[in-house]
Amino acid sequence: MSLLFVYGSLKEGFPNFHVNKGTRLPGSYRTVHAHPLFLAEGVLPCLLNTPGRGHQVVGQLFEVGDAELAAMDRLERVGEPGGYDRVTIDVEPNDDG
């Protein structure tokens, strides 16, 4: 099992949550370091892997197995041109909510 931080459409209550079959950890989480976050095409949240710039990003944390992670990677086109990258990032509980 792995922990996966989601900050966009894979969050509970968002359009692609049906693909996220992981088990949500209670609460809200945020990145330890600030990161730039922008909306590609005005709707797709993209977090840039440039720690130290931008703001702490708030999201949800899920425990996922290999099959669940593979399904989300397919949706996000991980490893494909124009797709998302999955990287290790430090997160902490978001005491603000």
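**View 1. Residue classes in the lining of the largest pocket.** The lining has 22 nonpolar, 8 polar and 5 charged residues. Here Ala, Val, Leu, Ile, Met, Phe, Trp, Tyr, Cys and Pro count as nonpolar, Asp, Glu, Lys and Arg as charged, and the others, Gly among them, as polar. A pocket is an open set of points on a 1 Å grid over the protein atoms alone, where a 1.4 Å probe fits, with protein on both sides within 12 Å along at least five of seven lines; lining residues have an atom within 4 Å of a point. This is a predicted model: local features need pLDDT of at least 70, side-chain atom pairs count only at pLDDT 80 or more, and totals for chains, interfaces and linings use all residues. Residues are numbered from 1 along each chain as its sequence is written, and side-chain values use heavy atoms, without hydrogens and water. Phe-5, Tyr-7, Tyr-84, Asp-85 and Arg-86 lie nearest the pocket's centre.

**View 2. The salt bridge of Arg-86 and Asp-73.** A salt bridge puts a side-chain nitrogen of Lys or Arg within 4 Å of a carboxyl oxygen of Asp or Glu. In this pair, the closest N and O atoms are 2.5 Å apart. Asp-73 counts as buried, at 17% relative accessibility. Arg-86 counts as partly exposed, at 44%. Buried means under 20% relative accessible area, exposed over 50%, partly exposed in between (1.4 Å probe, protein chains only).

**View 3. Glu-76, buried without a salt bridge.** The nearest side chain of opposite charge, Arg-77, is 8.2 Å away. Lys and Arg count as positive, Asp and Glu as negative; His and the chain ends are not counted.
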